Structures are given as structure tokens and as C-alpha cells.
Amino acid sequence: MTLFDVYPLYDITPVKAFGAKVFDVKGREFLDFYGGHGVISIGHSHPDYVAAISNQAAKLGFYSNSIKNPLQEELAAKLGQLSGYEDYTLFLCNSGAEANENALKLASFHTGKSKVIAFSKSFHGRTSAAVAATDNKSIVAPINNHEVVFLPLNDANAFVSEISKGDAACVIIEGIQGVGGLDEADTSFFQLISAECKKHNVVLILDEIQSGYGRSGKFFAHQYHDIQPDIISVAKGMGNGFPIGGILISPDFKASHGLLGTTFGGNHLACAAALSVLDVIQKENLIHEVNAKNDYFVKKASAFPEVKKVKGRGLMLGLEFDFEIADLRKTMIYDQGIFTGNASQKNLLRILPPLSITFEEIDLFFDGLKQALAKVASAQNTSV
Ligand SMILES: Cc1ncc(COP(=O)(O)O)c(C=O)c1O
């Protein structure tokens, strides 16, 4: 059997990693400014994390959700404490798409309605309702046939006019758009959405799958806007690479047995990984340092005339150029040994390093960027 070929691959085979350093099978060293799509939060192979997973695997890796699992309760308590959502409840699953799928389903159960309000350039995952709420027709199959309306971000009139129709179950919005290209609703728009959702009994779902877990400089990016969503979806940084996702659910929602469920969600190994991530975030004060690292990064970026704009917050960033970045990204990887990401905005280089990235590593990133920009510019000049 061979693999179903859906991923365009870079010719790199990582075999080990530590912190923000990744080593490939040929012994080459890479600096990770992408964290495998924003997943690596506390750094690769953190010793506490490795010990927590190894110890748990040696004791009990898995049993089903029909037995007691105190690790889930411990995780819920710790996540509530660190995020400021102590009165919310937690449902655990295995990925970001699954978290949003459950959030959308819960909103539909709660309101008895099915229409979803989503936004241009959104990305919410690839399961049925999540992909239908994703603004990319090429990944939506005919079977993903859900009632979804896409509105422009920050268009107050369009939003009020849509929600006033009274037929929406929920609004789903990213704290900061990731795949779409680091755009973000402004505070007045977030507050309008929140107020209108309350007024019309519509569930507000905040997708913090990429922007959560400290990446923005606060535990959740929406916490910059003084709102409290009804449901918050999390994944990526939550497990630092161990597959785990979840939804934080406001006390207004009543659970009943069988309403939601999963075989693997919240298993012992996943909980051990997620608990260790929260412990390290707390112990190493990682969120507290994100904004100082952002300041340093933005200041260094501003010295580059090629960088037209720095988008995003904290360590969820995009460098905007006036050319498409595909060649620059390749040069950064193959010549400079630095991983970065792309976005559906083709002139944006996406930057999602571990929260544990150091100031020295940020210096190395900009040294590499300088060389890579020079190489791409000279290649363009010779091809003219
Ligand atoms: C904002 C957002 N939501 C949902 C998802 C889907 O997560 P997953 O790939 O774990 O299903 C992603 C993944 O990139 C994302 O960035």
C-alpha cells in the first residue's frame, strides 16, 4: 500500500527535535518558526512533557470514557484556572476540526436551529459542519451541505442585518485568523457580535484553535476585546503535538448523557500531555514573555524595507511583502534552515514559533531572512 497523496511535501525528514531546533535524517539543523502549523507551544520534546507522557504510557495509556478518569477533571480545573474560565465545563476530543464540529452541533442542539454565520477567509477545519463554515469552496464536498452565510470581517451593518433575521444557531469566528492571513475583527466588532448574539439568543463560538493557549500574549486572543463567548474551541498548542482538542462551554448549556461523545477524546495519554503543557506554561511563565518577544520581533522586522506590514499579535504573526512568498519560504528552509509557513494571502510569510523561542533565536531568524531576501532578489534580477 502507498499513501493517499494529498500533501505537497518538502524534501526534509525530521528525526528529532528539541526546543525550537529540529534535526533531519541527514543531520541538518533547522530553526522552527512554524511549529508544524502552530502546534508546538512549549517547545519540542520538553523534558517534563516527555516524562509526563512516558510515565503515563507505562501506567495506563487508554481506557474508554465509560470509566472514571481523574486526569480529565484535573485538566479541566487547571485549564479553567489558567484561562480565567473556571465556571465553564470542558468536553474533550482529538483535533481542532472535531472541537468545532462539536461546538457547532452543541449550538444547534441548544437553539434548535441550523444556520451558521461565519466570516470571509475563515478556516475551521475539515469535518462536515466545520468545513462548511470554512471560506474555501475547494475543500467543501457536496455532502458537507450546511446552511452557512459568510460575512466580511468588521462589517457591522452586514452582521446586524443577517443576525436580525432570527434564524441563526451560531456565529463562529477565529480569535485571529490563521490560514486566512492573520486578519482580526476589531474590538468594537467583537463586542457588537457578542451583544447581538445575546440579544437574538445566538450562540457565539470563538475558534481559538490556533490563536489560543497563549499564542496571542493572552491565554485567548478574544481576551483583548473584553467579551465572553458561549463556546471556545481549542486544540493545536493544547497538546504540543499530542492530538487533543476540546471545547470550553458556558454554564448556560445543560449537559445530558449521550449528547456528545468520543472513543479516544480525553484519553489518559492525551490528558497527561495536556496537563504537562499547562504546567510548563505556568512554571516557565511562557505567556507573560510572549509580548516582549513580539516587541523584539516587530522592531527587528521594521528594519527591513521589504517587510510592508507585520500582521497578528504575540507569536502569531505574518510578514507581508509586495511579492508572493513561495520562493522566499523555500529559500528560508533549504538555504537558511528556517521553517516558516504560508497563508491563503499569497504575499504573507506566517510565523508561529514555540512560545519558548529565545531572543537569540529571533536574531537568527532575521539573519536568515536577510540572506534569503538577498538571494530571492538576485534570482529575480537575473531572470528579468
Ligand atoms: C483556526 C483553526 N480552526 C480549526 C483548525 C482545524 O484543526 P485540525 O487540523 O486539528 O482539525 C485549524 C487548523 O489549522 C485552525 O487554524
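These legends walk you through several close-up views of a predicted model. Because the model is predicted, local features are described where pLDDT is at least 70 and side-chain atom pairs count only at pLDDT 80 or more, while totals for chains, interfaces and linings use all residues. Residue numbers start from 1 along each chain as its sequence is written.

View 1. Across the boundary, 15 residues of domain 1 are in contact with 18 residues of domain 2, where contact means that the C-beta atoms of two residues, placed from the backbone, lie within 7 Å. On the side of domain 1 that touches domain 2 you will find six nonpolar, seven polar and two charged residues. Here Ala, Val, Leu, Ile, Met, Phe, Trp, Tyr, Cys and Pro count as nonpolar, Asp, Glu, Lys and Arg as charged, and the others, Gly among them, as polar.

**View 2. The shell around the ligand.** The ligand is surrounded by 15 residues, and the closest are Ser95, Gly96, Ala97, Gly125 and Ile209; a residue is near the ligand if its C-beta atom, placed from the backbone, lies within 6 Å of it. Helix 4 (residues 96-111) gives the largest share of this shell, three residues. Helices (H or I, at least four residues) and strands (E, at least two) are DSSP runs, numbered from the N terminus. By type, the shell holds five nonpolar, eight polar and two charged residues.

**View 3. Helix 6 against helix 7.** Helix 6 (residues 156-163) and helix 7 (residues 187-199) pack at an angle of about 10 degrees, and their axes are 11 Å apart. Axes are lines fitted to C-alpha atoms, for helices over the stretch in contact, and angles run from 0 to 180 degrees between N-to-C directions. Helix 6 and helix 7 are therefore roughly parallel to each other, a term for angles under 35 degrees. Helix 6 brings Ala156, Phe159, Val160 and Ile163 to the contact, and helix 7 brings Phe189, Leu192, Ile193 and Glu196. Seven of these contact residues are nonpolar, none is polar and one is charged.

**View 4. Two residues with a positive phi.** Most residues other than glycine have a negative phi. Lys121 is not a glycine, yet its phi is positive, at about 70 degrees. Lys121 sits in the loop between strand 5 (115-119) and helix 5 (128-132), and is buried because 22 other C-beta atoms lie within 10 Å. Asn201, also not a glycine, has a positive phi of about 55 degrees and belongs to the loop between helix 7 and strand 8. Asn201 counts as exposed because it has 12 C-beta neighbours inside 10 Å. The cut-offs, with C-beta atoms placed from the backbone, are 20 or more other C-beta atoms within 10 Å for buried, 12 or fewer for exposed, and partly exposed in between.

**View 5. Two prolines in loops.** Pro229 lies in the loop between strand 8 (203-207) and strand 9 (231-234) and is buried, with 27 other C-beta atoms within 10 Å. Leaving aside neighbours within four places in sequence, Pro229 is in contact with Leu204, Ile205, Leu206 and His222. Pro251 is found in the loop between strand 10 (245-249) and helix 8 (268-283) and is exposed, with 9 other C-beta atoms within 10 Å.

Conventions: Angles under 35 degrees count as roughly parallel, over 145 as roughly antiparallel, 65 to 115 as roughly perpendicular and the rest as oblique.
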